[in-house]
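Colleague: I have this model open and some quick questions. Walk me through it, please.

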Amino acid sequence: MEKIQIKGRLNEIKGKLKQKFANLTDDDLLYEEGEDDEFYGRLQQKLGKTKSEIQELVNSYLK
């Protein structure tokens, strides 16, 4: 399983996700180290996307 490599840019990524998806809240974007599945699960539920789609989206902001 791919781990989230966003620690240094978390606030930037949260901001971009909130811009793209206005219905996301700070609670939806809460990320605790080691809780990748919970993070992806909240986003999947809120956005109606698959885990792969969410991972791809987050990774696109890391480039």
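**Starting with Q55**

Colleague: Where is Q55 found?

Modeller: Q55 lies in helix 3. Helices here are DSSP runs (H or I, at least four residues; strands are E, at least two), numbered from the N terminus.

Colleague: What am I looking at, and how are things counted?

Modeller: This is a predicted model: local features need pLDDT of at least 70, side-chain atom pairs count only at pLDDT 80 or more, and totals for chains, interfaces and linings use all residues. Residues are numbered from 1 along each chain as its sequence is written, and side-chain values use heavy atoms, with hydrogens and water left out.

Colleague: Back to Q55. Buried or exposed?

Modeller: Q55 has 15% relative accessibility, so it counts as buried. Buried means under 20% relative accessible area, exposed over 50%, partly exposed in between (1.4 Å probe, protein chains only).

Colleague: And how far is Q55 from Y40?

Modeller: Their C-alpha atoms are separated by 7.7 Å. Along the chain, Q55 and Y40 are 15 residues apart.

Colleague: Which residues of helix 2 and helix 3 meet?

Modeller: From helix 2, D37, F39, Y40, L43, Q44 and L47. From helix 3, K51, I54, Q55 and V58. Contact means heavy atoms within 4.5 Å.

Colleague: What classes are those residues?

Modeller: That contact has six nonpolar, two polar and two charged residues. The classes: Ala, Val, Leu, Ile, Met, Phe, Trp, Tyr, Cys and Pro are nonpolar; Asp, Glu, Lys and Arg are charged; the others, Gly among them, are polar.

Colleague: At what angle do helix 2 and helix 3 cross?

Modeller: Roughly 105 degrees, and their axes come within 9 Å. Helix 2 is therefore roughly perpendicular to helix 3. Axes are lines fitted to C-alpha atoms, for helices over the stretch in contact, and angles run from 0 to 180 degrees between N-to-C directions. Under 35 degrees is roughly parallel, over 145 roughly antiparallel, 65 to 115 roughly perpendicular, and the rest oblique.

Colleague: Now helix 1 and helix 3. What angle there?

Modeller: Helix 1 (residues 10-20) packs on helix 3 (residues 51-62) at about 120 degrees, with the axes 10 Å apart. So this pair is oblique.

Colleague: Which residues make that contact?

Modeller: I13, K16, L17 and K20 from helix 1, and L57, Y61 and L62 from helix 3. By class, there are five nonpolar, no polar and two charged residues.

Colleague: What about L10, buried or exposed?

Modeller: L10 is in helix 1. Its relative accessible area is 17%, so L10 is buried.

Colleague: Where is T50 found?

Modeller: T50 is in the loop between helix 2 and helix 3. With a relative accessible area of 43%, T50 is partly exposed. T50 and Y40 are ten residues apart along the chain, and 8.8 Å separates their C-alpha atoms.

Colleague: And Q45, exposed or buried?

Modeller: Q45 lies in helix 2 (residues 36-47). At 71% relative accessibility, Q45 counts as exposed. From Q45 to D28 is 9.5 Å, C-alpha to C-alpha, and 17 residues in sequence.

Colleague: Zooming out, how many helices and strands are there?

Modeller: The protein chain has three helices and zero strands. From the N terminus, the order is α-α-α.

Colleague: How much of the chain counts as buried?

Modeller: 32% of its 63 residues.

Colleague: Last one. What share of the contacts joins residues at least 24 apart?

Modeller: 45%, among contacts between residues at least 6 apart in sequence.
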